[in-house]
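Subject: The model, and some notes to go with it

Hi,

Here is the structure I promised to pass on. Please open it next to this email, and then read on for what turned up.

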Amino acid sequence: MQNRTALWIFIILLAAACIYSVSFTFSANSENSAADAYAQNKLDSVLSLNSAISSKSRDSILSVGKSDYIKNNVSNSFLGFTMDEVRKKQINRGLDLQGGMNVTLEVSVVDLVRNLAANKQDKEFKAAIQKATELQKNSGSDFVTLFGQAYNEIAPNGKLAAIFHSRDNKDLIPRSASNAEVLTILSDEAKAAVSRTEQVIRKRIDNLGVVQPKVQRLESGRILVELPGVKEKARVRKILQGTAKLEFWETYDNTEFFTYLNKANTLLKNELKAEQSANTQTDSLVAEKEGLTTTQDSSSALEDLLTNQTSSSSDSASASIDFKEENPLFAVLSPSLTRENNIQKGPVVGYASKNDTSKVNAFLKRENISVLFPRAKLLWGASGIGDAKDFFQLFAIKVANIDGKAPLEGDVVVDARQDFDQLGRSEVSLAMNSDGAKRWKTLTGNNIGNSVAIVLDDKVYSSPTVQGEIAGGRTSISGSFDVQEAEDLASILKAGKLPAPSRIIEEAVVGPSLGEENVNSSFKSFLLALGLVLIYMILYYNKAGVVANIALLANIFFVIGVLASLGATLTLPGIAGIVLTIGMSLDANVLFFERVREELRAGKGTRLAIKDAYGFKGALPSILDANVTSIITAFILLLFATGPVQGFATTLLIGIFTSLVSAIFITRLIFEWMLDRKMNLDFETGFSRNLFRDLNINFVEKRKVFYLVSLTAVLISLGSLFTKGLDLGVDFSGGRTFQVRFDEPVAADKIASNLGDVFVENGKRDVPEVKTYGASNQVLVTTNYLIGDNSSQASDLVEEKLKDGLASMNNTFEIVSSQKVGPTIADDIKSSSFYATIFALIAIFLYIGVRFKKMQFGTGAIAALFHDVIIVLGLYSLLWGILPFSLEIDQAFIAAILTVVGYSVNDTVVIFDRIREYLGIYRKESKNSVVNKALNSTLTRTFNTSITTLIVLALIFMFGGESIQGFVFAIMIGVFVGTYSSLFIATPVMLDLDKSDTLKKDAIRKNEEAKKKKRKAKKKQLA
């Protein structure tokens, strides 16, 4: 073997680099363990004084304790790196292995466009916004493009510059700009908004104290946020989605505003009655509008209202119905009154229960109602009032500026911090710059005796009455905060406001208990699989098996080392990828070893047999061809996948390269080292010596039988797919899923019924799908409840309702994980999965076509792939609802399908390489006979590779946990079906397409050319 010294140096340097990279993980883990112990001691000290503290307080103490340890030991270092740098260099564990939250944010471009518009009330502008929003639901185009199309249709002669040009943005959007130029500017602003949002989100997350957070801008313009270890989901959602749009507004007094509300109530009453009577709808609306000017004054209206509200108990039921019909607005919005039933002074104009706020909003947004408040906007208070905190105040904000902007905004704030007021309550103190201080002084000076509302993200946090002019630019935001909420609000304000609202369109939460279980189960399955494979290789290949095991262990170490050096994230599917590389690494060794055994049987010495087997005339071309096809599928998966599946693709891709290094170089170097020392080297045992030897199975003759078997299986699969369909997960259908674990076994249908009672939207029950997930005390709840609600409170509300419904089971429960996939991202996942599969098939077909230079080989391989994919899908359809584990079609399943594609082609290419070789050697035999010889000669490799891979997969399936069972099951089916199709579909199709024996003739010609080159080379050497 040439260049052995250079290869040894390369292997040693690679091992040293891996040790260096992995050492940071060991150091970080040691430091984290010390921090955990410090935090636990701190908690124990607190518990010794007060053992009755809540679990939330315990988590807070542990979090603060860990942060304190890190701050106190900031001077610690490892290999010259600070511990903060060391943590960044360690192997990142995915959320499925440690718990935490994974969120995909999307910047609301529609709100950005609205904010940039100077004339927001333009009817054509509003119509174009509405139409573009509808178009975006079924279009892949960006919002600005759709808005431009909608505006051109609605206002062919309209000028966008007239809508967007203002004094504030005159440099950005000139008055003379064409519509195309305005749209280009809006598109650039949308892209810039994503970049600015990413920066603001990073600053906010830095204040969360999360170890190893990840913020990544995706190519789609979305932002991926991973927060390991976080437990307070509602807090994170609030921090990530809060725009931090701080405003200071003048307010109306309730005594002057009640007249407008009363007019709205009267108009609404008549509108609702008119809608119930279609025949008189137009007349009623006209009459109502005409009569609006003669509406009674506020005092008499209030007197009538109070008379209705205080009806005698004897006719209270009918009075209640009459009151709702006569006062539809006041039935859900109680006016702000004193104890003497007079109109209450102040900016609060009404109160509504939490459940009625959406009804009030809907009423006030009606076109004929909203025009009654031309210089006002109505905003809810940020927090509830009353004992249950379930009533909210409605404030009347005075809009004095023509452009609709507040007199003072948050861009003048230079500092924000958590503080306490005179009564010891938490608040957020604000400091303004000189310009802000001047404007704040003017604003307060003009409103002495009135209220000024401090508004954040369209929620009123406080509305103090101004007692006098305030100089110095200092103020505070008060409310029912606890210390942590005040600190979060201060950090959000310091980080700056988002250029446009961002909303969570995809979310995955894994509880710490599930993360720990996943670590334990994956580690157990890994060790069991590794142990059994090591034993099997020794039993089958004797001392050569020991060498293969050394190479295998080196391969695993290299994979982990490369993952560490790249800063990649190790996920549960990623661990499955590492275990799968065990099978791939063994496949290469099996090919080499089987070729060595063939050369030994041909009478060659051990050294020469190894040399020929590891050369380009031996097994090396087959190994390279097989791995190239696997690289193609892994690379495409890496491009299209996200989250844990991307971790699987990364691990698989690394594993392919390291397995080639270990199989081609490490085993060869060890063999050479052993032979140099005259050591015996055996490639078989008594068990394996005659196994699969001298086989003469007539595969070709029986191909029509297998065609019939496969056709039957394909037809049954297609029939099930078209009739029963597939169990689409939320990745493809959109929705929310919750994995819930109870102390005792539960009935899934009972849970579904209970949740249907609380999941009520627009008066309709939304009964979720509930199915047992693994053990009988664990279920998976899937629902579309409020999935279309993009408000920041929607996810929190769904979880509240979920807990209410589950509490009625009288069975202690824990939500161990949850996932949300919005409709838009579900569509994106479907399209990316489709393209990933199609591109993989096309790429494989092209590679095989180029590599074998004959379309018969490519067509045979693609036929086998379609066969495999259809049958795997069909089995998932047929067995859905029968097997006791989840068979959902999600991103992980697509990863499994592409893995199956790679495995099947790997197997097929090995067989095709042997067929092509034999067609050139056995020239006098019939084509059918040669193909049979080739298939029989590869059976040992096919069996060993399949059996070792299936052993590995079976152990992952049994011990890897419920969350990965469906993924592994698909690969197990694929390995079995792929092995079958390589022998009984790909090869027969290739054979039947070669009617004129062109493959054999071509192989003979190439074989002759190779012999001529060899003879010429010998002559040159003799000369």
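Before anything else, the ground rules. Residues are numbered from 1 along each chain as its sequence is written, and side-chain values use heavy atoms, with hydrogens and water left out. This is a predicted model, in which local features need pLDDT of at least 70 and side-chain atom pairs count only at pLDDT 80 or more, while totals for chains, interfaces and linings use all residues.

**Confidence**

The pLDDT (the predictor's confidence in each residue, from 0 to 100) has a mean of 82 over the protein, and 91% of the residues reach 70 or more. Helices here are DSSP runs of H or I with at least four residues, strands are runs of E with at least two, and both are numbered from the N terminus. Residues 278-303 stay under 50 in pLDDT, and the model has 27 contacts for them beyond four places in sequence; a contact means heavy atoms within 4.5 Å. Residues 305-314 are also below 50, with 10 contacts beyond near neighbours in sequence.

**Helix packing**

Two packed helices are described by the angle between their axes and the distance between the axes. Helix H29 (residues 855-879) and helix H33 (residues 962-993) pack at about 145 degrees, with axes 7 Å apart. The axes are lines fitted to C-alpha atoms over the stretch in contact, and the angle runs from 0 to 180 degrees between N-to-C directions. The contact of H29 with H33 involves 20 nonpolar residues, eight polar and one charged.

Helix H26 (residues 748-758) has Ala748, Ile751, Ala752, Asn754, Leu755 and Gly756 buried. Buried means under 20% relative accessible area, exposed means over 50%, and partly exposed is in between, using a 1.4 Å probe and protein chains only. The partners of these buried H26 residues include strand S20 (735-742), strand S24 (778-783) and helix H27 (794-807).

**Salt bridges**

A salt bridge is a side-chain nitrogen of Lys or Arg within 4 Å of a carboxyl oxygen of Asp or Glu, and by this rule there are 44.

- Glu106 and Arg222 meet at 3.1 Å, N to O. They link distant parts of the chain, 116 residues apart, with Glu106 in strand S4 (residues 100-107) and Arg222 in the loop between strand S5 (214-217) and strand S6 (223-228). Glu106 counts as buried because its relative accessibility is 18%, and Arg222 because its value is 8%.
- Glu799 and Lys233 form a salt bridge with their closest N and O atoms 3.1 Å apart. Both residues are buried.
- Arg668 and Glu672 form a salt bridge at 3.3 Å. Both lie in helix H23 (residues 643-676), four residues apart, about one turn of the helix, and both are buried.
- Arg595, Glu598, Glu599, Lys604, Asp612, Arg914 and Glu917 are linked in a network of salt bridges.

**Single residues**

Thr667 is in helix H23 too, and is buried with a relative accessible area of 0%. Not counting residues up to four places away in sequence, Thr667 touches Val547, Ala548, Ala551, Asn589, Tyr614 and Ser662.

Ile11 sits in helix H1 (residues 4-49) and counts as buried, at 10% relative accessibility. Beyond four places in sequence, Ile11 is in contact with Phe558, Val661, Ile666 and Leu669. Ile11 and Leu669 are 658 residues apart in sequence, yet 10 Å apart in space, C-alpha to C-alpha.

Finally, the backbone. Most residues other than glycine have a negative phi. Asp458 has a positive phi of about 60 degrees although it is not a glycine. Asp458 lies in the loop between strand S15 (452-456) and strand S16 (459-462) and is partly exposed, at 37% relative accessible area. Leu786 also has a positive phi of about 60 degrees; Leu786 is in the loop between S24 and H27 and is buried, at 9% relative accessibility.

Best wishes

How values were computed: Nonpolar A, V, L, I, M, F, W, Y, C, P; charged D, E, K, R; others polar.
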